[in-house]
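Look at the model below.

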Amino acid sequence: MASSLMKSLLKTSSSSSLSSSLRSVISIPSRSYARVSAKEKYQKESEKEEVVPVFESDVSDAPASGISKPLSEILKELSKRIPNALIKTRSEKGFSMRYIPWHIVNRILNVHAPEWSGEVRDIKYSADGKYVSVIYRVTLYGTDAKIYRESTGTVSVDDKISGDPVQKAESMAFRRACARLGLGLHLYHDDLS
């Protein structure tokens, strides 16, 4: 009824200036179908995506929020052996190296130490510019304490086989800092035997 009244007011007004001023005062809700359809498309795509946890049994045990457990329990969990299915092997300069990809390490930290943080502390290039080193810090927060470990990763600037050298050095430093907290440390011991 209100909209029919507004339409009749707009039709009966003889002056075009009156008509335009009434239109500016009357707010007719408009809808951007392009935005709605893009939003709906995004929602449909995100519903299709499935997040696969690293360890399904561990994810159900993970707390929903807050600091979960004492630091000693977090370190104990991180020190467990990583299943061989998650370990990759890379050959470099005739040597075979076993490692855990950084995204798997990240997921394991999210499950067992949900309050962890990581940061790049420094990026340094060698004097001759042939190598780049990244210093990375991983901090774990428990209910009773916090602990951090730092490590470095160094790669050749010319080594662009697996992406950007700085990213590769960061990934290496991240994994090594996590190993200092016990995560995947058994890989270093296995290589010695």
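Val-120, Ile-123 and Tyr-125 make up a nonpolar surface patch, with about 280 Å² of accessible area together. Patch members have over 30% relative accessible area and no salt bridge, and nonpolar side chains are joined within 5 Å. A salt bridge is a side-chain nitrogen of Lys or Arg within 4 Å of a carboxyl oxygen of Asp or Glu. Areas come from the Shrake-Rupley method with a 1.4 Å probe.

This is a predicted model: local features need pLDDT of at least 70, side-chain atom pairs need 80 or more, and totals for chains, interfaces and linings use all residues. Residues are numbered from 1 along each chain, and side-chain values use heavy atoms, without hydrogens or water.

Tyr-125 lies in strand β3. Its relative accessibility is 52%, so Tyr-125 counts as exposed (over 50%; buried is under 20%).

The largest nonpolar core has 24 residues. Such a core joins buried nonpolar residues through side-chain atoms within 4.5 Å. Leu-140 and Leu-183 are among those with the most contacts inside it.

What does Leu-183 touch? Among its partners are Leu-78, Val-105 and Cys-178, not counting residues up to four places away in sequence. Contact means heavy atoms within 4.5 Å.

A hairpin of four residues joins β4 to β5. Leu-140 stands opposite Ile-147.

Technical notes
Patches are made of residues with over 30% relative accessible area and no salt bridge: like charges are joined within 9 Å, nonpolar side chains (Val, Leu, Ile, Met, Phe, Trp, Tyr) within 5 Å. Helices (H or I, at least four residues) and strands (E, at least two) are DSSP runs, numbered from the N terminus. Buried means under 20% relative accessible area, exposed over 50%, partly exposed in between (1.4 Å probe, protein chains only). Two strands pair if DSSP finds at least two bridges between them.
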